[in-house]
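I set out to record, entry by entry, what I looked up in this structure.

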Amino acid sequence: QNINIKVGDGTEGWREFALFDKIIVTAGSPNVPQPLLDQLANNGKLVIPVGSRFTQRLLLVEKGINGKISEKDICGCVFVPLIGRYGWEEEK
């Protein structure tokens, strides 16, 4: 009853339910998608693997009370690619 599911481009977030205190991305992205930063509440945290398709750094992104963004490198990792408008193009 308390679970919502959306099928679509995860790089665009979920505007209808924003703002979010926490966002966890489980696929590697070339960068932090701007829509996810926009949908992160002040004092919110976002965890995302960022880098190439084959190796990433797991980042903790925090948005301060004033909206200022800071990033902390947690560790190296490898995730499947994040496909979408603000991620990787789908391989043909």
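Entry 1: pairing of strands. I count two strands as paired if DSSP finds at least two bridges between them. The model is a predicted one. On that criterion I looked up strand 2 (residues 40-51) and strand 3, and I found them paired in the antiparallel sense over seven bridges. I then noted individual partners: Pro-49 has Leu-58 in strand 3 as its bridge partner, and Ile-48 has Leu-59 in strand 3.

Entry 2: the next pair. I looked up strand 3 (residues 56-63) with strand 4 (residues 69-77), and I recorded antiparallel pairing over eight bridges. Within this pair, Leu-59 has Asp-73 in strand 4 as its bridge partner, and Glu-62 stands opposite Ser-70 in strand 4. For the hairpin of strand 3 and strand 4, I noted five residues between the strands and a positive phi near 85° at Gly-67.

Entry 3: the parallel pair. I found that strand 1 and strand 2 run parallel and are joined by four bridges. I took one partner from this pair: Ile-23 is bridged to Leu-46 in strand 2.

Entry 4: Which order do the strands take? I recorded an open sheet of four strands in the order 1-2-3-4, with mixed pairing. Strand 1 and strand 4 stand at the edges with a single partner strand each, so I noted one side of each as left without a neighbour in the sheet. On average, neighbouring strands of this sheet are turned by 15° against each other, direction ignored.

Entry 5: strand 3 and burial. Why do I call strand 3 largely enclosed by the rest of the structure? I found six of its eight residues buried, and the strand is therefore largely enclosed. The cut-off I used for buried is under 20% relative accessible area.

Entry 6: the nonpolar core. I looked up the largest nonpolar core and found 13 residues, of which Val-25, Val-32, Leu-46, Ile-48, Leu-59 and Val-61 touch the most other members. I noted that helix 1 (34-38), strand 2 and strand 3 each supply at least two residues of this core. Strand 2 gives the largest share, with four residues.

Entry 7: the largest pocket. How much space lies in the largest pocket? I recorded about 430 Å³. I listed 18 lining residues, with Gly-10, Gly-13, Ile-23, Ile-24 and Leu-36 nearest the centre of the pocket. Strand 1 (residues 20-24) gives the most to this lining, namely four residues. By class, I noted nine nonpolar, six polar and three charged residues in the lining.

Entry 8: Where did I find a cis peptide bond? I found one joining Ala-18 and Leu-19, with omega of about 10°. I placed Leu-19 in the segment before strand 1. I also noted Asn-43, which has a positive phi of about 70° although it is not a glycine; Asn-43 is found in strand 2.

Entry 9: Ser-52. I located Ser-52 in the loop between strand 2 and strand 3. Is Ser-52 buried or partly exposed? I recorded 33% relative accessibility, and Ser-52 therefore counts as partly exposed. Last, I noted a separation of 16 Å between the C-alpha atoms of Ser-52 and Ile-74, which are 22 residues apart along the chain.

Note on methods:
Residues numbered from 1 in each chain as written. Predicted model: local features only at pLDDT ≥ 70, side-chain atom pairs only at ≥ 80, totals over all residues. Heavy atoms only, no water. 1 Å grid on protein atoms, 1.4 Å probe; cavity = no way out; pocket = protein on both sides within 12 Å on 5 of 7 lines; lining within 4 Å. Points joined across faces, edges and corners; volume = space filled by probe spheres on them. Nonpolar A, V, L, I, M, F, W, Y, C, P; charged D, E, K, R; others polar. Axes fitted to C-alpha atoms, helices over the stretch in contact; angles between N-to-C directions. Core = buried A, V, L, I, M, F, W, Y, C linked by side-chain atoms within 4.5 Å. Buried < 20%, exposed > 50% of the residue type's maximum accessible area, 1.4 Å probe, protein only.
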